[in-house]
Amino acid sequence: MAFLNILVIDDEPGIRSGVSRILRNFKVDYPFMDEFIEFNVLEAETGEQGLEIIKEKEPEIILLDNKLPGMQGIEVLEHLKKMNSDSVVVMITSYASLELAIKATKDGAHDFIPKPFTPQELRSSIETITKHIFLKNMTRRLNKEGKQIRFQFLSILSHELKAPINAIEGYLRMMNEKQFGENISSYKQIIDRCQTRTDGMRKLIMDMLDMTKLESGESTKDIKDINLIDSINNAVDTMQPFAIQKDVSIHVNVPKESIYHCDKEDMDIILNNLISNSIKYNKKNGRVDVELTEDDNNIEIKISDTGIGITKEDISKLFSDFVRIKNEKTKKITGTGLGLSIVKKLTDSYNGTIKVSSIPDKGSTFVLSLPKITN
């Protein structure tokens, strides 16, 4: 539930109490709102009182009479214009004229409600204004957050792509200058390096897009019951060529069915990243084991490898953005440093946990725990 403050500036007590009564239990709701909106009515009988309340409370909506004792409504509007007030002002007056309407609109009045007004007329006007305020605030927030996200995205992307682009440019220059002669086979290693760099850039861009969707909240989830066993088998099938290339065998020990309420694409991203890492950081003739167990409350997926392992110090850094463990054993292994960060963010979105245990030179075990009721 959200509240908007409505300030009524009118010297007639009946008008002020009438507005309070009409809006007392009035709620505005739209399909695109997360919650319905109610109203808190404030009252002022003079323009001077109204300005004091405006400075203190900053009401979202002001119902303003023009004929007031002392300062007139049109003068209040002029003050609000000088204050750069964000309040939406509606004139409520029996003495509206074309000249007043032009000046009031010029000074920022959003609408007019003629006196006497019916409850339905007031509610209809307030409903329209509330929608206007909601959409204006939403647009501002999206513009602000969108610019920040775009800036971060482009800054990180340009930094991370600079090195591989420079490398590819250097390799192509060597080929263009025919530094190794005329025979194309002499350049096989250079071509392979260009391909590796290109694959790395493609993976980085895809990971960055996944990360941007998560950070911006623009990722739309298709939540439904899926069989996690199918997702595990699909991930293993996808990574099998990579495993063969690395001389790593994958062993799966799972039941026939394990139903979980989630977005299938989220689970594919999580499992592909975890299984891919267990192969990437493994040893020649290594092994990967994938197991699934469950009870009434949780589903647990365990992915173990016989790889190079991780130190305790490095485990604490694993799930941060753009973190890659750098040592003699990993210096020839390419990666974006985003995969496990994305896994952690997706796991958190299901109120799950991801834990790691590892022994250097022996291997690592990642345990993904997913609660069956995520609320």
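**Aromatic pairs, nonpolar cores and selected residues**

Three aromatic pairs are counted in the structure, which is a predicted model. A pair of aromatic rings is described by the distance of the centres and the angle of the planes. Phe26 and Phe39 make up a stacked pair, with a centre-to-centre distance of 5.8 Å and an angle of 15° between the planes. Phe26 is located in the loop between helix H1 (13-23) and S2, and Phe39 belongs to strand S2, so that this pair ties together parts 13 residues apart in sequence. Both Phe26 and Phe39 are buried.

A further pair is formed by Tyr260 and Tyr350, whose ring centres are 6.2 Å apart and whose planes stand at 55°, so the pair is classed as tilted. Tyr260 belongs to strand S8 (residues 259-263), while Tyr350 is placed in the loop between helix H10 (339-349) and strand S11 (353-359); the pair therefore ties together parts that are 90 residues apart in sequence. Tyr260 and Tyr350 are both buried.

With regard to the chain as a whole, 10 helices and 12 strands are present. The chain has 375 residues, of which 42% are buried. Of the contacts between residues at least 6 apart in sequence, 71% join residues at least 24 apart. The accessible surface of the chain amounts to about 21,600 Å², and carbon and sulfur atoms contribute 51% of this area.

The largest nonpolar core comprises 40 residues, and the members touching the most other members are Leu228, Met267, Ile301 and Phe366. When neighbours within four places in sequence are set aside, Leu228 is in contact with Ser258, Tyr260, Met267, Leu292, Ile299, Ile301 and Leu370. Contacts of Leu228 thus include Tyr260, the residue that forms the tilted pair with Tyr350. Another core, of 23 residues, lies apart from the largest one; Leu23, Phe26, Val90 and Ile113 are among its members. Phe26 of this core is also the stacking partner of Phe39.

Leu370, one of the residues in contact with Leu228, is 17 residues from Thr353 in sequence, and the C-alpha atoms of Thr353 and Leu370 are 6.8 Å apart in space. Thr353 is part of strand S11 and is partly exposed, with a relative accessibility of 37%.

A polar atom of the Thr46 side chain lies 3.0 Å from the backbone nitrogen of Gln49. Not counting residues up to four places away in sequence, Thr46 touches Ile9 and Pro69.

Cysteine residues were also considered. The number of disulfides is zero, a disulfide requiring a pair of cysteine sulfur atoms within 2.5 Å. Cys194 counts as buried, at 12% relative accessibility. Cys262 is likewise buried, with a relative accessible area of 0%.

Definitions and conventions. Residues are numbered from 1 along each chain as its sequence is written. This is a predicted model: local features need pLDDT of at least 70, side-chain atom pairs count only at pLDDT 80 or more; totals for chains, interfaces and linings use all residues. Side-chain values use heavy atoms; hydrogens and water are left out. Helices (H or I, at least four residues) and strands (E, at least two) are DSSP runs, numbered from the N terminus. Buried means under 20% relative accessible area, exposed over 50%, partly exposed in between (1.4 Å probe, protein chains only). Contact means heavy atoms within 4.5 Å. Accessible areas come from the Shrake-Rupley method with a 1.4 Å probe; for residues, only the protein chains shown count as cover. A polar contact is a pair of N or O atoms within 3.5 Å; within protein, one must be able to donate a hydrogen and the other to accept it, and residues adjacent in sequence count only if both atoms are side-chain atoms. Rings of Phe, Tyr and Trp (its six-membered ring) pair if their centres lie within 6.5 Å; planes under 30 degrees apart count as stacked, over 60 as edge-to-face and the rest as tilted. A nonpolar core is a set of buried Ala, Val, Leu, Ile, Met, Phe, Trp, Tyr and Cys residues joined through side-chain atoms within 4.5 Å.
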